[in-house]
Amino acid sequence: MGSNEDSAQSVNGSSIKITDVTQDGDTLTFAITSQKSSSSAGVCVFRTYEDFEWLQQGLFSQEDVPGLQGVIFPPLPSKPLPSTSLSQAKALKQLGFLALGDEWMIYCKALELYLQQVAAHTTLSKSKALYSFLNSSESPGKQCGKKGILNRLSQAMEEMRKEGHKDVDEFFQSERDSSTNLSALFKLSTEKFLDVVLNKQRLALACGHFSTSLHLCVNQDNPTAVAFSKICLKLSDIIEAVKINYEKVSDNDISTLGLGLDLESRYQEAKREMLFRRTCKLVELETANRNSERAKPNKKAIMEGVQKATQKEFDIISSVAKQEIEHYHRDRVSLLRDFLICWCEKQLSTARESSALLSQHLDACKKFAV
Amino acid sequence: MAEDREPPPLADAVQTDFREVEEGEDLFVSTVSTLSPTSPEPASFPAEDISTNSNGPKQEILLDDDQEDLFAEATEEVSLDSPEREPILSDGPSPAITPVTPTVIITPRVDALFDRSLDEVKQISINVLYLFSIIQAFYFCLQGDGMNAYMAYKVTTKTSLSLFSRNEFSVKRRFSDFLGLHSKLASKYMHIGYIVPPAPEKSIVGMTKVKVGKEDLSSAEFVEKRRSALERYLMRTVNHPALVKDPDVIQFLENTELPRAVSTQALSGAGILRMVNKAADAVNKMTIKMNESDAWFEEKQQQFENLDIQLRKLHASVESLVCHRKELSVNTASFAKSAAMLGNSEDHTALSRALSQLAEVEEKIDQLHHEQAYADFYLFSELLGDYVRLITAVKGVFDQRMKTWSKWQDAQVMLQRKREAEAKLQYANKPDKLQQAKDEIKEWEAKVQQGERDFEQISKNIRREVERFEKQRVKDFKVVIIKYLESLVHTQQQLIKYWEAFLPEAKAIA
């Protein structure tokens with residue numbers, strides 16, 4: 001592959017945008033635009049979730065990428081469940097924050113981030129699958145993909161046992177330990193935050209009901225009734241303002257910190273999976289070592305060969321993994337930072353708006369003598 | 001005894017004037033002990049709320065006719081020479097209407113409340129028409145023990161009215177005393193058409209928990225709820241121009257010892273209302289349909305029916321709001337904890353600090369939600385609840401009028417019969433029986449006249465009462481809305497502070 005071909009293929013990661021989503025029955029179709037880094041011409045393609053899965057599989061099964069198993073693959077969000085087929089509760093369980101927000105906006109944002117992360121990755125961005133995904137007018141998802149690396153963490157118990165296997169390298173052992181711990185904590189925090197946000201939405205609804213009930217208290221029978229009606233209407237406006245505030249606050253939560261926590265949780269999982277793959281390789285290596293030692297003279301040469309090859313693979317995976325982990329730490333911090341700042345700024349702005357509006361109401365109410 | 005105590009001067013002094021009382025020690029005999037700074041504070045928004053007239057008389061004079069548009073900018077001029085000056089000594093329309101709202105909105109983090117296990121002193125304040133009266137429900141439980149223990153409330157009154165023998169005085173009262181007072185007033189005044197404010201409900205469950213010494217959130221909340229309810233009840237009662245003059249009321253406020261009210265089961269708010277309802281049923285069962293000569297009454301009754309339904313609906317809405325708000329507080333606290341754990345486990349220093357800061361911010365926000373829930377509850381929910389009960393009392397009064405009318409009608413029927421009987425006797429030639437018949441006629445004529453007078457009196461009273469009630473309602477709601485808005489604004493401003501403090505932390509993540 002010459003450099004010409006490379007540059008012709010490379011995409012400008014930050015230009016990838018999901019500009020539209022349409023729903024047809026249970027299927028969502030996403031409109032994705034992107035630009036190559038060499039030109040400003042944009043390409044627009046239409047993809048479904050199956051296409052994304054195809055892409056992910058394609059990335060897993062790249063050949064001639066040494067140490068591919070050491071790569072932390074950007075996590076693909078779970079399959080979207082259009083609410084026509086399933087209840088809100090199920091969608092929330094499956095997708096968490098990505099199920100919230102209007103018109104799949106948050107979900108699209110998550111997909112967009114996924115594509116951007118793939119395109120930003122030194123190794124993965126070169127994959128033909130990515131190029132095809134972003135540029136081919138045909139939908140690639142129908143093609144039968146090669147089976148590549150499977151995510152094994154969700155597999156049988158005997159595989160799970162390997163996760164606890166002691167490491168030979170201190171760096172990796174500590175990474176594995178902290179990964180397990182942090183991953184659980186982030187998941188927990190994300191769930192708790194989701195509870196808070198859903199609660200705020202319920203509160204907004206309750207305010208809406210209260211506001212409506214107040215609106216119905218209008219009565220013109222006599223001067224006092226008129227006065228009372230005015231009060232009720234005033235209060236109705238105030239409660240309406242409170243409701244709108246809660247809606248805004250929860251929208252802010254969802255689109256910034258919620259999304260950020262969700263992403264962080266999934267990325268933690270991806271890191272854990274990579275570490276698990278390496279651990280499996282370690283187990284394989286240790287088995288090969290034992291076999292080699294115990295081999296009968298006639299098999300010894302073969303066993304040694306296997307042992308050497310496995311050692312080589314393991315070393316490459318470990319060195320790739322080390323790099324990946326460093327990048328991961330750097331990237332996640334900057335990602336969380338951005339989300340936290342964004343969250344704070346949005347909430348601050350909303351609080352200021354709300355405060356100004358309520359103060360106005362207060363002044364108006366105080367103006368008439370009690 | 002009681003009068004030696006200096007009642008805390010103002011509502012905003014509540015947080016500093018609590019006395020610590022030893023178990024079993026009589027409040028009024030103990031030596032002055034140091035005040036505790038950790039007593040529950042009122043919400044951080046101004047405690048100098050409008051209802052307590054914390055600045056004395058000049059704020060509370062209100063004109064009788066509320067004719068201006070409520071939302072107009074004009075302020076009212078009040079003349080101190082106006083006839084309102086001597087309000088309660090006349091039977092005329094009540095001029096000064098004091099809004100009835102909780103004076104101190106206690107937003108305890110209840111652990112603070114229980115720092116001295118119910119020995120703490122809480123106060124209710126009533127403001128009696130230029131009278132500065134703080135009902136400080138000093139509940140110092142544990143007179144007696146176990147199930148015999150009871151909560152006592154200290155009622156402190158400051159007054160300038162000559163009705164009372166002193167300017168300042170405090171008394172100790174039990175819940176059953178309040179119920180006793182209400183039952184006496186109801187029996188004296190309801191049948192002549194006065195709207196007697198209903199007393200708070202008994203609650204066996206709540207009280208038992210407190211007695212058993214269950215020091216938890218629900219017990220503290222229950223006690224505060226009750227204290228606040230008693231405060232509002234007393235405020236409404238003494239705001240009534242006729243009721244405040246009643247010797248039972250004066251006795252209640254002044255006398256050190258009160259005869260223990262018995263059979264409070266029957267005297268509870270619910271009990272009285274049951275009596276009223278029974279009366280209403282009895283009236284309805286009588287097939288006498290009242291010929292309403294006065295359309296006003298018919299209209300009013302219908303209006304109150306509608307209002308009842310509306311208020312109940314509003315009350316339900318607010319309860320739901322309070323519930324969600326409390327839930328939010330719990331969920332926020334839970335999130336704060338998990339964020340704190342994250343902060344501890346995170347390796348990256350700046351990120352770890354930011355996450356810990358996040359946890360702190362969320363904790364503070366949780367506190368805000370909690371306080372807001374209290375505001376929701378004590379401002380709106382309780383107000384609406386009070387008014388739902390008040391309307392039942394109003395309906396009761398209307399029914400009393402019907403009863404009075406029907407009594408009058410019965411008297412007329414009786415008189416007619418007596419006249420007919422007498423006419424018959426005229427021809428029967430039985431002189432002594434005739435005399436008796438004539439006497440009876442005289443008797444029943446008097447009854448008819450009395451019946452008519454009673455009916456007119458009750459009608460007149462009701463008109464006046466209803467007018468007063470309507471004005472009170474408007475005032476009460478107005479005051480509450482302003483307070484509520486203040487709490488909302490305060491919450492937002494606190495939020496702004498928290499976010500402004502957090503932003504640099506987030507930006508500092510390298």
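Me: How far apart do the C-alpha centres of domain 1 of chain A and domain 2 of chain A lie?

Reply: The C-alpha centres of the two domains of chain A lie 20 Å apart. Domain 1 covers 1–149 and domain 2 covers 153–370, with bounds from an automatic or database domain assignment. This is a predicted model, in which local features need pLDDT of at least 70 and side-chain atom pairs count only at pLDDT 80 or more, while totals for chains, interfaces and linings use all residues. Residues are numbered from 1 along each chain as its sequence is written, chains are lettered from A and ligands numbered from 1 in the order in which they are written, and side-chain values use heavy atoms, with hydrogens and water left out.

Me: How many residues does the contact take from domain 1 of chain A and from domain 2 of chain A?

Reply: Contact means heavy atoms within 4.5 Å. By that rule, domain 1 of chain A contributes 25 residues and domain 2 of chain A contributes 27 residues.

Me: What area do domain 1 of chain A and domain 2 of chain A bury between them, and which three residues supply 35% of the area on the side of domain 1?

Reply: The size of an interface is often given as the accessible area lost when the parts come together. Buried area here is the accessible area (1.4 Å probe) that two parts lose on being put together, summed over both. The two domains of chain A bury about 2,300 Å² between them, 74% of it on carbon and sulfur atoms. A:Gln69, A:Ile72 and A:Phe97 supply 35% of what domain 1 buries against domain 2, more than any other three residues.

Me: How many salt bridges and polar contacts are there between domain 1 of chain A and domain 2 of chain A?

Reply: Side chains of opposite charge can pair when their charged atoms come close. A salt bridge is counted when a side-chain nitrogen of Lys or Arg is within 4 Å of a carboxyl oxygen of Asp or Glu. Between domain 1 of chain A and domain 2 of chain A the count is 0 salt bridges. A polar contact is a pair of N or O atoms within 3.5 Å; within protein, one must be able to donate a hydrogen and the other to accept it, and residues adjacent in sequence count only if both atoms are side-chain atoms. The rule finds 5 residue pairs in polar contact across this domain interface (both at pLDDT 80 or more).

Me: Which helix gives the most to the side of domain 1 of chain A that touches domain 2 of chain A?

Reply: Helices (H or I, at least four residues) and strands (E, at least two) are DSSP runs, numbered from the N terminus. Helix H4(A) gives the most to that side, with 5 residues. The residues on that side of domain 1 of chain A divide into 17 nonpolar, 7 polar and 1 charged. Ala, Val, Leu, Ile, Met, Phe, Trp, Tyr, Cys and Pro count as nonpolar, Asp, Glu, Lys and Arg as charged, and the others, Gly among them, as polar.

Me: Where are A:Lys109 and A:Glu112 placed in helix H4 of chain A?

Reply: They are 3 residues apart in helix H4 of chain A, so about one helical turn separates them. Buried means under 20% relative accessible area, exposed over 50%, partly exposed in between (1.4 Å probe, protein chains only). A:Lys109 is partly exposed at 39%, and A:Glu112 is buried at 7%.

Me: Are A:Arg278 and A:Asp167 buried or exposed?

Reply: Both residues are buried. A:Arg278 forms a salt bridge with A:Asp167, with the closest N and O atoms 2.8 Å apart. The pair links distant parts of the chain, 111 residues apart: A:Arg278 is in helix H8 (residues 223–294) of chain A, and A:Asp167 is in the loop between helix H6 (157–161) and helix H7 (170–215) of chain A.

Me: How many residues does the contact take from chain B and from chain A, and how many salt bridges are there between chain B and chain A?

Reply: The contact takes 68 residues from chain B and 64 residues from chain A. Chain B and chain A bury about 6,300 Å² between them, 74% of it on carbon and sulfur atoms. The count between the two chains is 5 salt bridges. B:Glu500 forms a salt bridge with A:Arg352, the closest N and O atoms being 2.6 Å apart. On the side of chain B that touches chain A, H10(B) gives the most, with 25 residues.
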